[in-house]
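Welcome, and please open the model in your viewer.

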Amino acid sequence: MPRAIILCITLGLLIPVDGHSQSSIPSAGLAGAYHHPSEDKGSWQWLNLQLSSTYLVVASEGMVGADSCLYIASRSLGLSRLPVLAEGIDDPALLKQSQWIDRQEPGAGVRLLSEATGRQRLRLFLLLGSYYAFQPHSYHRYGDSVRYFLNSAITESRSLNEKKLGRIALCLLGKMYVQENDSRGDSIYNVLIGQCREAGDKETEARAYAYRGMYTAPAAATLLRKVEDLQKAAGLYHSLGDTEAEINVLTDLGYMSVVTGQLQAANEVFIKALQLEELIHYPYTHYNTEALANVTMFRGKFGEPLRYAFQTVKVAERSRDSIGWGYFYGRLALLYESEDNREQSVKMAQKSINRFIIDRNPAGYNMLFLIAGNMHNQGRAREAFDLVQETARRLGPPSIISDQIFYYSLLSDCYLNLGNLDLAEAYLGKMDSLETIAEAIRGPLRRAGINEGYAVIAYKRKQYGKARELFNKSLADTVTLDRAYLANKLNTYRWLISIDSTMGDDAAAAAHYKQYTQLLDSNFRVTKIRQAEELQVIYETQEKESLITLLNKEASQATLVRNLTFAGIAAVIIIAGLLYRQNRLKQKNNEVITLKNDQLRRLVTDREWLLKEIHHRVKNNLQIVISLLNSQAVYINNDAALSAIQDSKRRVYAMSLIHQKLYQSENIASISMPEYIRELVNHVQDSLGAGSQVIFKQDVEPLDLDVSQAIPLGLIINESIVNSVKYAFPGGQRGVVSISLRHDDTDHLLLNISDDGVGLPADFDVTEHHSLGLELIRGLSKQLKGRFNMVNNNGFHITIRFAVTSKLISEEALADA
């Protein structure tokens with residue numbers, strides 16, 4: 001089953017009715033004094049309820065009504081629904097008597113009505129009508145009560161000349177009708193908007209547009225007008241200076257823009273809503289940052305979704321609003337998975353599932369995809385199936401369509417990996433039927449993913465033509481939202497390339513690979529490496545600040561710097577190892593591709609270009625490491641620590657220079673040693689300020705070395721000449737450092753580095769001396785499988801004899817030898 005289905009996480013889950021989401025346990029490590037939302041001012045409580053309930057509607061894909069979600073949100077947050085139900089009623093004494101609303105005891109309100117007169121009676125009619133209008137399924141269960149109380153309020157408003165309260169009653173009456181596609185709703189709102197304009201009542205006019213835009217049942221025929229109504233409402237609230245109401249309408253407008261496929265417009269609207277929240281210092285920004293994480297992810301971004309996802313989790317944990325914790329952790333898991341960080345992805349997915357289990361929320365089936373999928377990739381299909389069964393027992397049976405779709409998708413995926421294609425297709429068919437029902441409510445969401453599921457099954461049955469047709473159909477789908485996600489398209493192209501190769505269609509394989517590489521380069525890899533990793537470092541740095549503070553108390557600054565230096569060196573060695581592995585894989589791929597026919601030659605060119613890009617970006621990352629070391633040096637007053645950092649910078653530069661040469665050269669597999677050593681020596685001379693004090697003599701054959709030998713060789717030369725400049729010529733003494741790299745025989749090279757300086761003390765035993773530089777030289781000599789020798793005679797001499805492991809020596813060098 002394609003992993004594309006899990007990308008609909010924000011639009012595919014439901015909060016359970018009996019969930020208590022206002023956590024009583026504070027989040028560790030987050031600053032800011034906590035206070036219960038009920039202590040906020042009324043307008044913030046109103047906005048909190050609105051944004052929370054809207055999020056729940058979206059999370060359930062519209063399968064749960066807005067009024068039900070408002071009730072769930074009020075219970076989860078521990079807030080009364082009164083700010084929403086009593087909007088427009090400004091009688092403090094009456095509101096104080098309205099606890100019957102949260103107790104679900106409308107009879108108490110009716111008893112108050114029998115004793116009330118005048119304006120208080122009018123307001124009670126209005127409040128009772130609002131109570132029933134906001135009850136779940138009010139049209140079918142409470143329609144008579146809604147009509148009775150609100151029509152009574154309209155009649156009372158005329159007799160008391162309280163026309164504005166009458167218009168509010170009319171607005172609530174229209175709400176009930178538009179929620180059920182009753183044409184009377186549109187007629188009511190058209191009349192109401194005309195009355196508001198005639199009376200200059202912008203506040204009620206804005207509410208009329210907002211209610212019609214938010215509560216009209218979504219359908220192809222209503223989507224455009226819903227967007228227009230919300231835009232008008234936002235403009236009116238802005239002119240009135242009602243920022244909280246503007247934020248609420250903009251958030252709904254953003255979700256509607258997502259549904260209509262206007263991702264850029266949705267992004268702009270959500271950003272505007274977030275900016276308004278920050279302007280008024282509204283503390284519960286996590287629903288808009290979550291929406292932005294969702295939209296930017298579907299737009300193929302990587303740095304932005306990660307930043308917004310981290311911000312969402314931080315705010316939600318700090319405010320203890322656990323309504324969306326399972327979803328928010330799931331978002332981070334999804335983003336880690338999209339960056340191939342499987343370890344962090346599975347860890348965060350498990351955290352998400354644990355939260356869903358606490359809430360007894362079947363939406364957790366969605367997050368099982370990441371964990372079960374990772375187990376499938378490891379060949380643990382039976383364990384994955386058992387995990388799904390056990391988690392289903394703890395989550396409870398799926399109750400709504402979206403949860404059922406996820407559950408059947410999980411089973412289909414499990415049976416697919418167990419080799420039972422018939423059962424896999426049977427559960428996929430159940431998904432297909434449920435998606436057809438769901439599409440009538442919230443539009444197509446997973447159709448492309450289901451088509452890809454059928455395509456994978458066809459591929460497993462060796463029905464390659466059918467599989468290719470279904471994958472191409474998925475690529476052509478421009479309606480389904482998850483097709484906008486770049487990783488899904490890349491996955492589809494990988495399947496198509498595999499099918500083309502199996503069918504022997506080399507031309508199609510080359511064409512699909514060309515499209516794949518073009519798509520990969522279109523804001524995917526650059527953003528992934530630069531933005532996502534930088535933002536992850538920022539987040540992890542913030543999370544570890546408290547730990548660093550404790551470490552500073554236990555260790556001196558010199559110890560901390562030394563540890564950081566060793567960690568940096570280890571990171572550099574790991575990067576070098578990974579690059580070496582990547583380079584070796586590239587060489588093997590080139591040998592295979594060379595045997596292909598002429599139709600695949602362009603594929604080889606593309607792969608070489610990609611490898612150059614890798615060298616280029618690794619060089620840039622190493623330059624970032626140098627910049628980080630420079631930044632660290634600014635805050636250090638310890639000379640030994642500063643010297644260690646400078647040494648680390650030169651070591652990193654030695655490797656960075658190799659990658660620079662690789663991506664600038666036509667030959668991406670080897671390094672020209674004379675040119676490389678000359679530039680390396682110049683850099684060391686400049687960085688140490690040796691000037692004309694030390695003369696460097698170089699005797700290097702015109703030879704090329706494989707990167708696997710060039711990297712350790714460059715580090716050895718760097719360490720040796722740095723030691724010579726530092727210690728061989730004390731007191732400004734002039735001297736000569738000689739570097740020789742020549743053939744000792746046909747298959748061996750001899751590296752000799754010597755100086756005519758003061759040498760080592762007579763009683764100095766090099767075998768007992770253990771400095772970082774000397775240990776590096778010894779270790780790198782072993783990596784070259786060379787013989788290392790040191791001589792202290794009229795200066796210090798280092799000799800390393802090693803075999804040439806590749807056949808990249810130039811013809812000219814062989815002729816000279």
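Two strands count as paired if DSSP finds at least two bridges between them. Strands (E, at least two residues) and helices (H or I, at least four) are DSSP runs, numbered from the N terminus. This is a predicted model, in which local features need pLDDT of at least 70, side-chain atom pairs count only at pLDDT 80 or more, and totals for chains, interfaces and linings use all residues. Residues are numbered from 1 along each chain as its sequence is written, and side-chain values use heavy atoms, with hydrogens and water left out.

**Stop one: the sheet**

Select strands β4 (735-743) and β5 (748-755), which pair in the antiparallel sense over seven bridges. Find His743 and look across to Leu749 in β5, which stands opposite.

Now widen the selection to the whole open sheet: five strands in the order β2-β4-β5-β7-β6, with mixed pairing. β2 (694-700) and β6 (787-792) are at the edges with a single partner strand each, so one side of each has no neighbour in the sheet. From one strand to the next, the twist averages 10°.

**Stop two: the hairpin**

Select β6 and β7, which run antiparallel and are joined by six bridges. Asn792 has Phe796 in β7 as its bridge partner. Three residues lie between the two strands of this hairpin, and Asn794 in the turn has a positive phi of about 50°.

**Stop three: two helix pairs**

Select α23 (447-460) and α24 (464-476). Their axes are 8 Å apart, and the helices pack at an angle of about 165°. α23 and α24 are therefore roughly antiparallel (the label for angles over 145 degrees; under 35 is roughly parallel, 65 to 115 roughly perpendicular and the rest oblique). Show side chains, and you will find residues including Tyr454 and Tyr459 of α23 meeting a set in α24 that includes Leu470 and Phe471.

Move on to α12 (223-240) and α13 (243-259), whose axes come within 9 Å and cross at roughly 155°. α12 and α13 are therefore roughly antiparallel to each other. Among the α12 residues in the contact are Leu230 and Tyr237, and the α13 side includes Leu253 and Met256. By class, this contact has 12 nonpolar, two polar and three charged residues.

**Last stop: confidence**

Colour the chain by pLDDT, the predictor's confidence in each residue, from 0 to 100. The chain average is 81, and 82% of the residues score at least 70. Where is confidence highest, and where is it lowest? The highest mean, 96, belongs to helix α11 (202-215), and the lowest, 42, to helix α35 (811-816). Select residues 1-31 as well, where pLDDT stays under 50; residues 807-817 also stay under 50. Where pLDDT is low, the predicted coordinates should not be read in detail.

Methods:
Axes are lines fitted to C-alpha atoms, for helices over the stretch in contact, and angles run from 0 to 180 degrees between N-to-C directions. Contact means heavy atoms within 4.5 Å. Ala, Val, Leu, Ile, Met, Phe, Trp, Tyr, Cys and Pro count as nonpolar, Asp, Glu, Lys and Arg as charged, and the others, Gly among them, as polar.
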